[in-house]
Amino acid sequence: MKILFYGAKNYDEQFFQKLFPDYPGIIFTFIEANIYPETASLARGYDGICAFVNADLGTDVIEKLHQNGIRLILMRCAGYNNVDLETAHKYGIKVLRVPGYSPEAVAEHAMALVLTANRHTHKAYIKCRENNFALNGLMGVNLYRKTAGIVGTGKIGLAMARICKGFGMNVIAYDLYPNKELDFLTYVSLDELLSSSDLISLHCPLTEETRHLIRQETIDKMKDGVIMVNTSRGGLIKTEDLIAGIRDHKFFAVGLDVYEEETDFVYEDMSERILQSSTIQRLLSFPNVTMTSHQGFFTEEALTNIAETTLQNARAFMNGDELKNEVLS
């Protein structure tokens, strides 16, 4: 079975190639180009493709993949909101994902963002490199005995909750499907979480119901001086409303690993280009905002798990076995 691997980076090849001897009969071809309507035709002659969270798998692309004989889409990530599932299902194209790889990797990065944005360690590092040891602009707040609000208690949300508990924080959570067996956090309504939390960490999938979950209406319900971090999906936050809240001094600190307009340039070196949208630059202009490039998953353990599960998904499809990680809706 031949799979075309779109958007390949050197680290992708490194972790997948380690495992190839264990999966005979599956051949991956790595290309740097990501998948768009213009590059979908490159998949002609392959049985399937492998794509990531930044891929364009909308209607036009799925149509062209079908025309080129593609029967399988392997998502090497947990999210699939960028896939037109209705069109894929219409053509019988199977969509498989990696539902969990290393929840601790993302949760630990979320806490790193909290600490960096709160204690300004990124700014302190730059100041010290320039022999500036003044403390101006570096004051933070204690997390100990504060309230952490976890929105979404899947594997990543629970990992973040455990980290917050380890910091001595009171942990509350909101989830449409609460896990009643957890004894180290308390489930509350979303309104109560927003109004009670000193730290809000987003860990829910992006759906029509959760899109712009954080907007002017919900920001108004938050405490003044709240810290917020998002390592889930950029679309959970309405960026214009977030910027307005930052300007109104609603937030003490904001940490973002994902943002609404990241799709076109995430994982790319754009340092010598002029970006057409100024939203990212506007966010970076605020002294209490810390941003990273969707790297929450980026650990050796997570990349190993992603490669293993993706190859297991490919083998199950090739052998006609049960597709445990198929995306059905």
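Strands β10 (residues 226–230) and β11 (residues 251–256) run parallel and are joined by 5 bridges. Within that pair, V226 stands opposite F251 of β11. Strands here are DSSP E runs of at least two residues, helices are H or I runs of at least four, and both are numbered from the N terminus. Two strands count as paired if DSSP finds at least two bridges between them.

This is a predicted model, where local features need pLDDT of at least 70, side-chain atom pairs count only at pLDDT 80 or more, and totals for chains, interfaces and linings use all residues. Residues are numbered from 1 along each chain as its sequence is written, and side-chain values use heavy atoms, with hydrogens and water left out.

Now the whole sheet. It is open, with 7 parallel strands in the order β8-β7-β6-β9-β10-β11-β12. At the edges are β8 (186–187) and β12 (289–291), each pairing on one side only.

Next, the helices. Helix α6 (residues 155–166) lies across β6 (147–151), β7 (170–174) and β9 (199–202), at about 175 degrees to β6. Helix α9 (residues 239–247) packs on the sheet and touches β10, β11 and β12, at about 145 degrees to β11. Contact means heavy atoms within 4.5 Å; axes are lines fitted to C-alpha atoms, for helices over the stretch in contact, and angles run from 0 to 180 degrees between N-to-C directions.

Last, the cysteines. How many disulfides does the structure hold? There are 0, a disulfide being a pair of cysteine sulfur atoms within 2.5 Å. For C50, the nearest cysteine sulfur is that of C77, 8.6 Å away. C50 is buried at 0% relative accessible area, where buried means under 20% (1.4 Å probe, protein chains only). C77 is also buried, at 3%.

Notes: Buried means under 20% relative accessible area, exposed over 50%, partly exposed in between (1.4 Å probe, protein chains only).
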